[in-house]
Amino acid sequence: MIIAHDQFDLLKILITMLDDERNDIYVHVDSKAQDFNADEFVSLTKHAGLFFTDRISVTWGDYSQIEAEMILLKAAVKNEINRNRYAYFHLLSGCDLPIKTNDEIHRFFAEHQGKEFIHFSEDEPSRSAMSRVRYYHIFRSNRNLFYKILAQFALMAQKILGVNRLKNEPINVWKGTNWFSITDDFANYVVSKESEIKKIFSYSYCCDEVFLQTIFMNSPFKDRLYMPHCNNNQLACARYIDWQRGNPYTFTSEDFESIISSPAMFARKFSMHLDKEIVYKIRDYIGDKVNEQQT
């Protein structure tokens with residue numbers, strides 16, 4: 001499942017690298033993207049199913065980020081009726097790349113079948129993230145200066161009045177990266193909780209980094225983590241993401257060796273504008289490995 005809003009040349013490379021008969025690929029493209037042409041993608045895959053979901057406008061920090069993820073999850077879960085059940089549901093950005101072959105990726109997740117690959121920034125509930133949910137963060141989809149100021153005044157007023165949207169919700173809030181690889185069982189569970197998710201996380205702030213972790217830790221699945229007590233280790237979700245050098249850091253050709261030597265399955269992020277050579281190097285490296293395996 002891929003969330004994309006730009007860099008469609010990179011998205012094409014990502015899709016072709018995932019083109020495998022064992023994969024189905026679901027893509028959500030931000031409705032604000034005017035330069036997206038779905039016709040250019042029709043013939044990209046020869047083996048994988050490729051599905052484009054309904055499109056919504058996604059705004060950073062807004063509930064629409066969660067909504068886009070739910071659109072993807074619901075589309076994939078619904079399609080299981082007509083296709084085989086999926087072993088794993090992987091959420092990727094359109095700026096990500098696989099850094100292992102499809103054989104290696106499938107082997108890795110088969111070896112850990114039943115584990116949930118979810119990252120946590122802390123090993124305890126996040127007090128700092130609580131404010132993202134307990135207050136009404138209004139005007140998130142309107143990001144001009146007037147509405148930003150209005151939103152700040154509304155937030156200050158709620159703090160003074162002691163507003164707490166979670167006072168009747170007996171849950172702890174947990175935080176981590178929003179990219180994940182989860183089992184079919186948990187994916188179906190998340191979809192079944194859509195109304196609860198909307199109730200809790202509408203009017204929240206940057207809760208794409210909170211909602212899945214919170215639902216998971218308040219679910220019957222909470223003992224199925226691949227890496228319990230990960231203490232902010234990105235390998236908990238099988239991703240190579242560098243938060244030390246950026247927010248996150250965008251890889252360049254100088255990072256090639258560290259990328260291919262990582263035990264992660266996927267890496268983010270990349271930019272064709274900043275350094276397209278690293279994208280081609282990763283693509284060609286994986287392609288050469290596939291050829292070697294086939295011969």
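Reader: Let's start with R224: does it count as buried, partly exposed or exposed?

Author: Before that, keep in mind that this is a predicted model. Now, the idea is that a relative accessible area under 20% means buried and over 50% means exposed, with partly exposed in between. R224 has 24% relative accessibility, so it counts as partly exposed.

Reader: Which residue does R224 meet in a salt bridge?

Author: Look at E116. The two side chains form a salt bridge, at 3.0 Å from N to O. E116 sits in the loop between α3 and α4, while R224 sits in the loop between α8 and β8, so the pair ties together parts that are 108 residues apart in sequence. E116 itself is at 0% relative accessibility and so counts as buried.

Reader: How many salt bridges turn up in the whole structure?

Author: A search of the whole structure gives 15. Another one to click on is R132 with E209, where the closest N and O atoms are 3.0 Å apart. This pair also links distant parts of the chain: R132 is in helix α4 and E209 in the loop between α7 and α8, 77 residues apart. R132 is buried at 15% relative accessible area, whereas E209, at 22%, is partly exposed.

Reader: And what about E196, which residue does its side chain meet?

Author: That would be K193, with 3.6 Å from N to O. Both ends are partly exposed here: E196 has 30% relative accessibility and K193 has 24%. Salt bridges can also join up into a network, as they do for D20, R22 and D103.

Reader: Now a charged residue without a partner. How far from D275 is the nearest side chain of opposite charge?

Author: The nearest one is K281, 8.1 Å away. A salt bridge needs the nitrogen and the carboxyl oxygen within 4 Å, and D275, though buried, has none. When you find a case like this, check for other polar atoms around the side chain. A polar atom of the D275 side chain lies 2.8 Å from the backbone nitrogen of S253. D275 is in helix α10, and, not counting residues up to four places away in sequence, D275 touches F251, T252 and S253.

Reader: Switching to helices, how many residues of α1 are buried?

Author: The general idea is that an α-helix has 3.6 residues a turn, so residues three or four places apart point the same way. As for helix α1, spanning residues 8–17, 8 of its 10 residues are buried, which leaves the helix mostly covered. The buried ones include F8, L11, I15 and M17, and K12 is on the list too.

Reader: Last one, backbone geometry. Which peptide bonds are cis?

Author: Most residues other than glycine have a negative phi, and most peptide bonds are trans. Here, the bond from N247 to P248 is cis, with omega near -5°, and P248 lies in the loop between β8 and α9. The bond from R268 to K269 is cis as well, with omega near 5°, and K269 is in the loop between β9 and α10.

Reader: And where is H229, with its positive phi near 55°?

Author: H229 is in the loop between α8 and β8, and at 65% relative accessibility H229 counts as exposed. A238 lies in the loop between α8 and β8 too, with a positive phi of about 60° although it is not a glycine. A238, however, is buried, with a relative accessible area of 2%.

Terms used. Residues numbered from 1 in each chain as written. Predicted model: local features only at pLDDT ≥ 70, side-chain atom pairs only at ≥ 80, totals over all residues. Heavy atoms only, no water. Helix = DSSP H or I, 4+ residues; strand = E, 2+ residues; numbered from the N terminus. Buried < 20%, exposed > 50% of the residue type's maximum accessible area, 1.4 Å probe, protein only. Lys, Arg positive; Asp, Glu negative; His and termini not counted. Polar contact = N/O pair within 3.5 Å; in protein donor to acceptor, adjacent residues only side chain to side chain. Contact = heavy atoms within 4.5 Å.
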